[in-house]
Amino acid sequence: AQASLFEFVLQDALVMGLTQSQRFGSTLVSTRFLELEVLLARDLSCASGRLLDSAIRLVHPDRKLNVYVEVAVDGVNATTRPARAIETENAGNTEAPIRERMYFPIEGSEPVAVRFEVRDKRKMQNAVRGDPLIGEASMCIRPQDQPRWQDACSMTAVTAESLDLYEHGNYGGVLLIRYRVEDISDCCSVLGSADDHSLEEVATAMTGVLASPAAPKLLLASRPPQLISRTASEATALASLETLIVRLRERSEVKEAETEKEEGCFEEDPALGPLAHFSRGILIYVLENSSGGDPVSVSVAWLRSFQKLFLEASPERSFRRAMSEDRIFRFVESAQIRAEDLQPVDQHGHQLAAGTSSFTQGTHRNSTSFPSACILAIRPYGWVWRARDRGTGLMYAVKTIRSQRRPLQDVAIRECAAAFRLRANPHPCIVRLYHLYFEERTDVNCSLVMEYCPGETLAQQILNRRATALRQESSYEPPKYSIRWLSQIFLALEHLHLQLNTMVMEMRPENVILTEAGHAKLTGFAFSKLGEALEATQTFGVPTGCSAYMAPEITSCSGYDYRADLYSFGVLVWVMLSGGVVDEAESLSPPVNQGFTLSAKQNWQLLEDCVLHPAPGLPLVQNEEARDLIVRLVHRGDRIPLPTHADVRSHSMLAELCLPDAAAGWGACCAWLDAGCTEAPFTFSVF
């Protein structure tokens, strides 16, 4: 099937403007070629007459020249389509808008001779003496003298020319053209070893290879089924792909110094670069032309197929390693998000009546200004609302942070700092951050555009199961995927500690989101801190996070490290498996001394006693392995040493899950998650 695909592409004259006999040797793609665009011919006059011209003028006195251009480049010929000349505002002058692009392969660095013949297309008279010559011109292009940007895979500058046309010494008009010499060898090299380059470099290389005359046909041949079924005809699909290529290359044709900066964004934000522009263009095309399916998955399949097909066709035979699928997913998910395109929507994705997002117009001063149907959560320092990108159709959760008071400003700064690190180094068990916007003209300090997870929080899951047990007058039963979710939360913590050098400081069920795919994702980093070990200080002058989940070393103002987060993880394990205790605010917690008091330092003992020697009426954790893990995580005496990540991994409750390595990449973690979803639920043997 793949061989027949190559044969189809070869037989279909990939090189625009070339005859069937003119191809790039045995490959589909030339790494160096002349891209030439004939714009228009003006001030035209045809002195070369033909037999019966006088009779034709009598029958058709208003006949205009039907202009086409024959181009010859080192023996390779191409012809434009005829374009009827029109009169300009200057009386007696005519011009023919041609606007046709053609490509010619270039070998070596020798000067390239280019010859143009502009003719008047005739019907019957062409068979006798050929079409009349309006005028001709020639030029010489030196490839080595063409200006190029300094960076690899960058676009070649365009040169415009105005050529005078003459026919046997008679002036025939002016031909306007523009051209550039494209060299995509660097782009081929980057794509052939894409995993060794940044996604920004890959995006620039992708944009570069689209300059190849083979690109439209390769995009056509690599389309996934969801795009093929919606296309009326191959010609229509090809025309739409050519329009897509022009759109994707538009931004790359602007010099970096002239790149427009979007208001409210980091100047170094990758969303301003070719990566986001390219991925957004692909996503929008898929949404407009797909017959169904997830647009991200369809886009990934298309780009992966295109890359493989291009590398097979490329003369750069030494580079044949396609980009891994997980990086292509990250590539597509980096679509540029524009603030003005984010609209509040309800849970079904329907746009709500209220206007635009708060950080573009500054009209929403607080959460009550938003439609209630889009609000996901309200925090003391801001709110989270549901949004849809009207360009790509993708859904996001947007956290808008207010900062009228100084402590809230510190919260905003802390969360943005953590989010910026997460954006650069994501993990599938942590809610993705896609973009940050800042607004200085209102009381809104910033907005974080995050992955939208339509599922409930872990706290909601536990409370629902408590309510079910109460209605049925039965004992609380943990969710059947409890162990799987706990392992995913641990992987998120481990990634934050070891890869990002960040502590969460607010580990509780309200900050764990459950996805439609059945995964648990960690979110909420307003109280996070950077560092492997911290001194006896407290963030913002008060202990961080919720006191019920806080390690004693924090409440006692002692030095602490990542094991403070592992303590909070142990409390969360107890709450999930036992159902926890509901406080006055209807929040889940363990049996603790509330507040930041001296007695709060002994909370670990209360929890340990509840696990090992539960008093009547308190929730129970029946499984012995789970009880042992909780005690090891929360114990702060001399009997058990403080746990490490390796201790948690090797514990009998998690060891059989074969967790991916702490340094495993995105793809390995996703593969582990997918494998877990296809297996039977992890459950305890005894409750």
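The chain folds into 22 helices and 24 strands, where helices (H or I, at least four residues) and strands (E, at least two) are DSSP runs numbered from the N terminus. The model is predicted, so local features need pLDDT of at least 70 and side-chain atom pairs count only at pLDDT 80 or more, while totals for chains, interfaces and linings use all residues. Residues are numbered from 1 along each chain as its sequence is written, and side-chain values use heavy atoms, with hydrogens and water left out.

Of the 687 residues of the chain, 52% count as buried; buried means under 20% relative accessible area, exposed over 50%, and partly exposed in between, with a 1.4 Å probe and protein chains only. Contact is taken as heavy atoms within 4.5 Å. Among contacts in the chain with a separation of 6 or more, 67% are between residues 24 or more positions apart.

Six of its eight residues are buried, so β2 is largely enclosed by the rest of the structure. Strands are said to pair if DSSP finds at least two bridges between them. With strand β7 (residues 112-120), β2 pairs in the antiparallel sense over seven bridges, and Y68 stands opposite R119 of β7. Strand β3 (residues 76-79) also runs antiparallel to β2 and is joined to β2 by four bridges; here E70 has T79 as its bridge partner. β2 and β3 form a hairpin with two residues between the strands, in which D74 takes a positive phi near 50°. A further antiparallel partner of β2 is strand β4 (residues 83-84), joined by two bridges, with N66 opposite R84.

The loop between β3 and β4 contains T80. At 4% relative accessibility, T80 counts as buried. A polar atom of the T80 side chain lies 2.9 Å from the backbone nitrogen of V69. This distance falls within the limit for a polar contact, a pair of N or O atoms within 3.5 Å; within protein, one must be able to donate a hydrogen and the other to accept it, and residues adjacent in sequence count only if both atoms are side-chain atoms. Leaving out residues up to four places away in sequence, T80 touches V38, Y68, V69, I98, E100 and M102. Two of the residues named here, Y68 and V69, fall within the range of β2, residues 66-73.

E167 has N170 of β10 as its bridge partner. Two residues lie between β9 and β10, and H168 in the turn has a positive phi of about 50°.

Two packed helices are described by the angle between their axes and the distance between the axes. Axes are lines fitted to C-alpha atoms, for helices over the stretch in contact, and angles run from 0 to 180 degrees between N-to-C directions. Helix α5 (residues 199-209) packs against helix α11 (residues 325-333) at an angle of about 80°, with the axes 11 Å apart. The two helices are therefore roughly perpendicular to each other, on a scale where angles under 35 degrees count as roughly parallel, over 145 as roughly antiparallel, 65 to 115 as roughly perpendicular and the rest as oblique.

In this contact, L199, V202 and A203 of α5 meet R327, R330 and F331 of α11. The contact residues comprise four nonpolar, no polar and two charged; Ala, Val, Leu, Ile, Met, Phe, Trp, Tyr, Cys and Pro count as nonpolar, Asp, Glu, Lys and Arg as charged, and the others, Gly among them, as polar. α5 is mostly covered, with eight of its 11 residues buried, including L199, V202 and A203.

Beyond neighbours within four places in sequence, F331 is in contact with L199, V202, A203, L275, F278, S279, L303 and M323. S299 is 32 residues from F331 along the chain, and their C-alpha atoms are separated by 9.9 Å.

Further along, helix α19 (residues 624-634) contains V634, which is buried with a relative accessible area of 1%. Setting aside neighbours within four places in sequence, V634 is in contact with Y567, G570, V571, W604 and L607. V634 and W604 are 30 residues apart in sequence, and their C-alpha atoms are 5.8 Å apart in space.
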